[in-house]
Structure formats: C-alpha cells, structure tokens
Amino acid sequence: MTVDLGLPEAPAVLAPRRRTRQLDVGGVGVGSDHPVSVQSMTTTLTSDVNGTLQQIAELTAAGCDIVRVAVPSADDAAALPAIATKSNIPVVADIHFQPKYVFAAIDAGCAAVRVNPGNIKKFDDKVGEIAAAAKDAGTPIRIGVNAGSLEPSIMAKHGKATPEALVESALWEASLFAEHDFHDLKISVKHHDPVTMVRAYELLAEQCDYPLHLGVTEAGPTFQGTIKSATAFGALLSKGIGDTIRVSLSAPPIEEVRVGLSILESLNLRPRKLEIVSCPSCGRAQVDVYKLADEVTAGLEGMEVPLRVAVMGCVVNGPGEARDADLGVASGNGKGQIFVKGEVIKTVPEAQIVETLIEEAMRLAEDAGEEELAGGQAGGTPTVTVG
Ligand code: SF4
C-alpha cells in the first residue's frame, strides 16, 4: 500500500524570533536567521582527548549542534587543538579564572570561547586583548554570566543575583567589547530559578540585539532539570527569545541533548521526528496502554522519519486520534483497529498490535524515504499515535 505522506507544511510557531545579530560558531549559525541550536557540555577530563572525542561523537549522534568543553588546567588547554580539529561539531572552550586559556582556545581553533567575567580577575582590563585576538581569528565570544559567580561590585550594588544584576553584568561586559569594536558576542544570564532566569532574559532581550544562549543553571537531576528547563525555555522561546539552548542536568550529557531537542520539537522549532500520541488510560481502557505505548516506542527507537503514531486505549477517543495520526491503533474487546493515514487497514488481535504498528511504521518510513530519493521531500507532517 502506498501512502501519501502529504506536502510539507511550515509548522506553526508561537512567535517570530527576536531579531538578532548573526554569529558563525564553527559553521553553525547562531542568531535569528538560523534554527535554535542545541548545546551540551562534555563531562570527561578535557585533557583526555580520546575520551572527550568519544563523548563528543555520542553527542553528535544524538543531535547535539555545539559542544562545550571545560578548560580548567594547562593540560586541558593543551588538548584543545586536537579536540577542535577532530570534533565533527563546533567546540566551545569554557574558561573561568585563567585568561591565558582564552588565548590558548582561540589559538587552538575553537569555534567560540565562553568567558565568565565574574570568575576572571580584572577581566575588564583584558577585554581589549581578548577582543583583538578573537577578531583576528574570527572567534565569537559568549559572555556567560552566572548567578553563582556574579562580580562582587554588582552583588554589592544589588544585594543578590536579581534579573537586573545579571543583565547589568552582561551588558557592562558587552559594552567593553563594543568599545573595542567587537560585536561577535552571544550572552547568557543563567540562574537556577526559572522565574528569575526568564525575567533576566526578557530584560536582556529588550536591551540588546546579541544572540542569547538560554540556560537554567544547576537545574538538577533529570526529572527536575527537564521540568525547569522546559518551563523556562518554553516561556522564552514562545516569545521568540533564545537562539541556542543548553539544558543542564545532573545526568549524562546525551540526556541534555535529548531534552533540548524535544523542547524545540514541541514548540515546532525543530521538525518533529517520531511522535507517540498515547492516551493516559483511564477506567475505560481495554488494553494496557502504558505497556503498549512503551513497546511501540521501544520498537520505533531511532526512527528518523517524522511519523505521528497514536496509541489509544478504547473507542471513546481512540478512532478519532488514530485517524488523525499517520498511524494509530484504537483498542477494544481484545482487538486493535489499525489506522494508516485516516483509514482502517485491518483489525488485529491484541497480541499483534505492537508488531503490526511497527511493521506499518517501517512501511511508512520506507515510502517517505523513497519519496525523498525521488526528489520530493519526506513530509513534515506524518505522525504515529498510540492511545
Ligand atoms: S482513549 Fe479511552 S482509555 Fe484512553 S484515556 Fe481516553 S477514554 Fe480512557
């Protein structure tokens, strides 16, 4: 059966992007003319070149666009040329305390350098030199202000890391770079509290046109960090604020990338890939929806084609949702009605629902691939719903 996956439609977004300057971060565009990019940070010792490159390769495979590495020692700085050269995605060097590593990172060919002015002594005196080196090399700089390391003078003035304090610090540093005619900047003003963080970015967005790197710092373990990041990023991205994101989790960095991509997909800022629409189940359910949804999700892991699959537990909403998806099942009476693009193609016993859905999803993916090879585009709308 050949299935029409439909013409790609421009997905609706909640707001146009805030207009910004544009940056080239090692070939990845950052700014309003480019898709919002996803970043993460390695957890290996940067001096362990092979270990770091291995982790970067895993992050790249997961969809990470830009990776950051910490540079706390001379050994880490010495590893930068090899890492920057061999990584398949742009490498940003993260520098605190030691300005000399900023220059080492620029010389190493890093795609960008993140500096935390609050953690670099007499940073303001060094801005001229940093700006000159970065300009010569075409290296953008991220001014990464962090609530936990605000400069003492700003803390003294504001009493604590308020949104205004974070923004004042960031814009002050940006103004020093601007005095040296250096504008290839992106800015972050991170705070662990989403409300403070959102307010800080809103204020910042009103006062400059630099691209913004969003982050809720020290967001916590996966569950809490995901909620905090999704809430805060959602509040900002839904207003068009934010050009690159990093979800900070106390979890392997690959999780940060998955969460970041999901946030962007949820807001239609990235094309959705596999989407499982499954019902929460209730007293009417006639199958084990959780099990069914888990098994279908596991069976379709890695699916690159944008499919929406509906898994529904009974006939109340099941047929409607299943009909709307690219592929779906409405369960009841020990059977599952299988829908493909709105049509019931067969009814199978409950025990065969998962394998049938997977089989049909593969067929849809194959059709989409052939369509793409034939010069069309894989549709932007196919979906699989499980309910
Ligand atoms: S589809 Fe049926 S089982 Fe699932 S939540 Fe709705 S009413 Fe309950």
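**Reading the labels**

Q: Which helix gives the largest share of the lining of the largest pocket?
A: H9 does, with five residues. The model is predicted. H9 covers 253-266, and helix H1 (49-62) also supplies at least two residues of that lining.

Q: What is the volume of the largest pocket, and which residues are the closest to its centre?
A: The volume is about 770 Å³. The lining counts 21 residues, and Ala62, Arg258, Leu261, Glu265 and Lys273 are the closest to the centre.

Q: How do the residues of the lining divide into nonpolar, polar and charged?
A: Nine are charged, seven are nonpolar and five are polar. Arg, Lys and Glu count as charged. Arg258, Glu265 and Lys273, among those closest to the centre, therefore fall in the charged class.

Q: Why is Lys157 called exposed?
A: The relative accessible area of Lys157 is 57%. Exposed means over 50%, so Lys157 qualifies. Lys157 sits in helix H5 (residues 152-158). From Lys157 to Val167, 10 residues apart along the chain, the C-alpha separation is 13 Å.

Q: Why is Leu357 called buried?
A: Leu357 has a relative accessible area of 0%. The cut-off for buried is under 20%, so Leu357 is buried. The place of Leu357 is in helix H12 (residues 353-373). Ser262 is 95 residues apart from Leu357 along the chain, and their C-alpha atoms are 23 Å apart.

Q: Why does Ser281 count as partly exposed?
A: Ser281 has 25% relative accessibility. Buried needs under 20% and exposed needs over 50%. The value of 25% lies in between, so Ser281 is partly exposed. Ser281 belongs to the loop between S11 and helix H10 (289-299).

Q: Where is phi positive in a residue other than glycine?
A: Ser281 is one of the places, with phi near 75°. Asn268 is another, with phi near 60°. Asn268 lies in the loop between H9 and strand S11 (275-278).

Q: Which residues are around the ligand?
A: Ser281 is among them.

Q: How does the shell around the ligand divide into nonpolar, polar and charged?
A: Seven residues are nonpolar, three are polar and one is charged.

Q: What is the strand order of the open sheet?
A: The eight strands run S8-S7-S6-S5-S4-S3-S10-S9, with parallel pairing.

Q: What makes strand S8 (185-190) and strand S9 (213-214) edge strands?
A: Each pairs on one side only.

Q: How do you know that S3 pairs with strand S10 (residues 244-246)?
A: Three bridges join S3 to S10. A pair needs at least two bridges, so the two strands pair. Gln39 stands opposite Arg246 in S10. S3 also pairs with strand S4 (residues 66-70) over three bridges, in the parallel sense. There, Met41 has Arg68 as its bridge partner.

Q: What makes strand S3 (residues 37-41) mostly covered?
A: Five of its five residues are buried. Ser37, Gln39 and Met41 point one way from S3, and Val38 and Ser40 point the other way.

Q: How do you know that strand S5 (residues 91-95) pairs with strand S6 (residues 112-115)?
A: Four bridges join S5 to S6, and the two run parallel. The cut-off is at least two, so they pair. Val92 stands opposite Ala112, and Ala93 stands opposite Val113. On S6, Ala112 and Arg114 point one way, Val113 and Val115 point the other way, and all are buried.

Definitions and conventions
Residues numbered from 1 in each chain as written. Predicted model: local features only at pLDDT ≥ 70, side-chain atom pairs only at ≥ 80, totals over all residues. Heavy atoms only, no water. 1 Å grid on protein atoms, 1.4 Å probe; cavity = no way out; pocket = protein on both sides within 12 Å on 5 of 7 lines; lining within 4 Å. Points joined across faces, edges and corners; volume = space filled by probe spheres on them. Near = heavy atom within 4 Å. Buried < 20%, exposed > 50% of the residue type's maximum accessible area, 1.4 Å probe, protein only.
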